[in-house]
Amino acid sequence: MEFDVEKIRKDFPALSERTNGGNTLIYFDNAASAQKPLSVLEAVSNFYRHDYSNIHRSAHDLSMRATAAYENARKKVLGFFSAPPGFEAVFTRGTTESLNLIAQSWAQSNLRRGDEILLTEMEHHANIVPWQIAAQKTGAKISVAKILPDGSLNIEDFKEKLSGKTKIVSIAHASNVLGTVNPVKLLSGLAHSAGALVSIDAAQSSPHMLDNLSDIGADFYSVSSHKCFGPTGCGALIARRDLLDAMPPYQCGGDMIENVSWEGTTFRKSPERFEAGTPNIAGAIGFAAALDYLKNLDAAAAGKHEKNLLIRLSDGISSIGGTRIYGNAQGKLPIVSFNLSGAHPNDISALLNAGGIAIRTGHHCAEPLMETLGIRGTCRASLAFYNTKEEVDIFVEKLAHAAKILA
Ligand code: PLP
């Protein structure tokens with residue numbers, strides 16, 4: 001069936017926004033954060049209008065309604081990502097907090113001198129820096145699997161770096177710069193055979209509906225609501241319950257304790273153990289609404305539409321003299337990082353912005369990857385299923401114009 005993108009676009013009010021000089025917005029910054037459908041806006045608004053209260057605390061009707069909605073959101077997160085039995089979803093602020101939770105709670109209580117943490121060259125800072133701190137505190141060492149010239153992971157190097165010393169492998173399912181989709185099922189199997197746990201940073205893969213946790217078979221998964229068309233300030237760590245229950249609390253306060261006395265405190269099991277204080281209740285409800293929205297999409301048709309857009313966009317950029325694209329691995333996400341010889345990415349972005357086009361420039365929170373690529377930054381155009389081929393054509397035309405100005 002044909003993917004009806006015009007119908008889909010009506011669900012996203014921000015896509016009709018006018019920007020600089022009255023241009024209709026062309027939003028190609030989806031890898032940074034995605035726009036929100038009406039159903040998400042309504043779910044959040046309805047919660048605040050009708051059911052709002054704190055959760056898990058009071059016996060009054062509103063609190064029970066709010067608690068039910070929050071816990072229902074948790075079930076939806078587990079269901080959407082096909083979490084296997086024995087997995088739990090902890091609500092966090094997003095992927096960054098989920099990864100920090102693993103690196104602070106699990107790593108700092110399980111790693112010892114001589115242990116290794118295996119990452120890859122394409123990781124986001126959120127999947128590097130928390131591990132650096134865990135390594136400093138425990139004496140463990142970080143090793144890094146290399147990438148190949150097309151931006152895919154060097155699997156042979158990954159295998160070489162994996163050993164009996166590796167206690168955890170933490171990898172992006174997809175790169176936010178190169179668009180590379182890593183073979184996480186394969187990598188997870190290899191890591192488990194070596195006796196290591198596996199953490200998947202699903203920040204970029206989740207909005208493209210690539211995460212089936214039962215199939216991938218890892219131990220920890222980190223996702224962000226705002227990249228999946230939900231509200232900001234919310235996300236989840238989906239993880240094996242036995243691991244979570246054996247991990248020490250990460251933050252302490254209300255709602256995560258069993259008993260507190262001056263003699264000491266006992267803690268609840270997961271997920272509450274890791275949700276100290278009043279959580280982002282509306283965020284969780286909006287996140288669930290976003291996942292419902294995605295569930296109702298034809299994922300195969302949306303994926304095909306995105307692939308067609310990616311080809312059109314990559315071909316268009318390549319047709320402009322002096323451009324270079326970083327990352328062209330098979331099956332990559334619709335994320336195109338590029339540079340134009342002699343031009344600063346910020347100047348390109350400024351010219352595109354004047355024409356209503358939103359892209360991102362800079363190191364994309366992946367400075368070690370920039371070092372590998374031998375550059376300081378790129379322009380990045382990142383697409384979602386609601387983008388159109390007409391938008392891609394306007395983008396290419398305006399980029400060609402910018403290239404002439406900056407030549
Ligand atoms: N990991 C990857 C691959 C990302 O692209 C991002 C955000 O861009 C993050 C982690 C951090 O996500 P958040 O800022 O939602 O916590």
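This is a predicted model: local features need pLDDT of at least 70, side-chain atom pairs count only at pLDDT 80 or more; totals for chains, interfaces and linings use all residues.

Residues are numbered from 1 along each chain as its sequence is written, and side-chain values use heavy atoms, with hydrogens and water left out.

**Overall fold**

I looked up the helices (DSSP runs of H or I, at least four residues) and the strands (E, at least two), both numbered from the N terminus. The protein has 14 helices and 17 strands. Its radius of gyration is 22 Å, close to the 22 Å of the globule rule for 407 residues, so the protein is as compact as a globular protein of that length. That radius is taken over C-alpha atoms, and the rule is 2.2 Å times the number of residues to the power 0.38. Along the principal axes, I get a C-alpha trace of about 70 × 55 × 40 Å.

Next I checked contacts, meaning heavy atoms within 4.5 Å. Among those between residues at least 6 apart in sequence, 72% join residues at least 24 apart.

**Ring pairs**

What describes a pair of aromatic rings? The distance of the centres and the angle of the planes do. Rings of Phe, Tyr and Trp (its six-membered ring) pair if their centres lie within 6.5 Å; planes under 30 degrees apart are stacked, over 60 edge-to-face, and the rest tilted. I find 16 aromatic pairs by this rule.

Phenylalanine 12 and phenylalanine 229 have ring centres 6.1 Å apart and planes at 70 degrees, so I log the pair as edge-to-face. They sit 217 residues apart, phenylalanine 12 in the loop between helix H1 (5-9) and strand S1 (18-19), phenylalanine 229 in the loop between strand S9 (220-224) and strand S10 (235-240). Phenylalanine 12 is buried at 0% relative accessibility, and phenylalanine 229 is buried at 2%.

For phenylalanine 28 and phenylalanine 395, the centres are 5.5 Å apart and the planes at 45 degrees, so this pair is tilted. Phenylalanine 28 is in the loop between strand S3 (26-27) and helix H2 (38-51), phenylalanine 395 in helix H14 (residues 389-406), 367 residues apart. Both are buried.

Last entry: Phe12 and Phe229 form one aromatic cluster with Tyr293, Phe385 and Tyr386.

Methods. Buried means under 20% relative accessible area, exposed over 50%, partly exposed in between (1.4 Å probe, protein chains only).
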